[in-house]
Every structure is written in C-alpha cells, then in structure tokens.
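Please have a look at the sequence and the model first, and then I will go through the pairs.

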Amino acid sequence: MEDKKRYHGAQSVAALIASVALILGCSSASSVIDPYETTGAISGMSQPASKTPSPPKVECPGMDIRPGASTLNIAVKPNQATAGDLRYQLSFGQTARECRLQDGVMSIKVGVQGRILLGPFGTPGSVDVPLRYSVVREGLEPKLIVTKFKWIRATIAPGKTHVQFVDIEGGLSFPLPSSAELAAYVVYVGFDEISDKQEKKQPERRAKKSMAGSSKRH
C-alpha cells in the first residue's frame, strides 16, 4: 500500500512540475493567471457570464529554495555532524507551483521532488523529512505571509543507496494584496531541522506534565 501511495505521489508531483514547466516555458518566471482560472493541473473555477469587465490578471509568485535550507545532513551525532558519521543526506531536485484566485484569496499549490542518499553510517529503511513551506514578502523588511511545517516519509529499500521523495502541499492561502505588493512575494521551500526537533520535543513535554499531574492527584 505504501509503495502504491509513493508511486501515485511521484506521478502527481511529476504531473504538477510538467504542467507548470509547460506553462512557464521551462523557466522560473512568474506566470500570469486569470482570477477565475489556474495554471496547470489544478481544476479551476470557470468564469461566470457577466457584462461587467473582468478583473485584471495577476502574477503567480515565483518560487525558490530557502537560502541555507537546500540540503540536510542527518548524522550519528546531530550536534557534531561530519562526513565521517553521516547517515543520510537530503537534497532538493525539482520544484513547481500553481496558483488559483477565488473570492479575493490566492491559493498556491506547491510540488517538490528530492533525493535521500545513504551515508556511511546509514541503513536502509524509513527516513522522516522535515519540510517548511512559506510565502514571504521580500524587501528591506521581509514579512512572512503564510507558512506550513510538515513531515513526510520516504523508505530506502534494502540493497539501494538512495530514494526519491515527493510532496505536494496545497495549504498556502492568503488575501490577495495589491499588484505592487504581490510582485515582491516569493514561495519558499526548505528543510527545517529546527522545527523538526521542536515538534518532537512537544509531545515529550506534554507527557511529562501529564505524569506530574497524575502523581499530584495520588
């Protein structure tokens, strides 16, 4: 079942990347979208018949890998990671995005492909990948518009030295700003090991508090 999910996930992100690349002419430039349509594979809403002039078309924000978050090394000793004790090395490959505008809200669907390499101390099996998606208004004072952190999992099969991971995130939505402001928006994706560690610590803290409260009642 997991193999089927990964296969369909790979197909979906490949289709997303292929459709967006076709629309963009295989470039990273922003695409122009109609407020009632989408770029690529997302099903859009057809424009209703109306005698009023159509709203102006808007730009779909560009996409990039977040600086400093393009690779992630997972080592035996996380705080002293070296090439000698490397378990896995994660990196990004292709990225793509599609935009949809409806009722004054822009929704962005992002697709990413990447690879996990087996290091000298790594073993085949499941690897958790911490991903951070964000939309940022760049400028003298950058502003975070919307962000989402998530884990995905990929499995290196026995006898293999690497595996591809894929993900599609469709939860990036925000009120449509002015055209001038939207021109400064950038969609970022990156590995987020810090949030990964923080998220993992929270369940432990909740468990300790629960145990403490239970002991007090006794």
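The structure holds five aromatic pairs, where a pair means rings of Phe, Tyr or Trp (its six-membered ring) with centres within 6.5 Å, called stacked if the planes are under 30 degrees apart, edge-to-face if over 60, and tilted for the rest. Let me start with F165 and F191, whose ring centres are 6.1 Å apart and whose planes stand at 65°, so this pair is edge-to-face. It links distant parts of the chain, 26 residues apart, with F165 in strand β9 (residues 162–175) and F191 in strand β10 (residues 185–191); strands here are DSSP runs of E, at least two residues long, numbered from the N terminus. F165 is buried, at a relative accessible area of 2%, and F191 is buried too, at 5%, where buried means under 20% with a 1.4 Å probe and protein chains only.

The next pair is F174 with Y185: the centres lie 5.4 Å apart and the planes at 55°, so the pair counts as tilted. Here again distant parts of the chain are linked, F174 in strand β9 and Y185 in strand β10, eleven residues apart. F174 is buried at 3% relative accessibility, and Y185 is buried at 5%.

Coming back to F165 and F191, ring pairs link these two and F92 into a cluster.

A word on the source: this is a predicted model, in which local features need pLDDT of at least 70 and side-chain atom pairs count only at pLDDT 80 or more, while totals for chains, interfaces and linings use all residues. Residues are numbered from 1 along each chain as its sequence is written, and side-chain values use heavy atoms, with hydrogens and water left out.

Conventions:
Helix = DSSP H or I, 4+ residues; strand = E, 2+ residues; numbered from the N terminus. Buried < 20%, exposed > 50% of the residue type's maximum accessible area, 1.4 Å probe, protein only.
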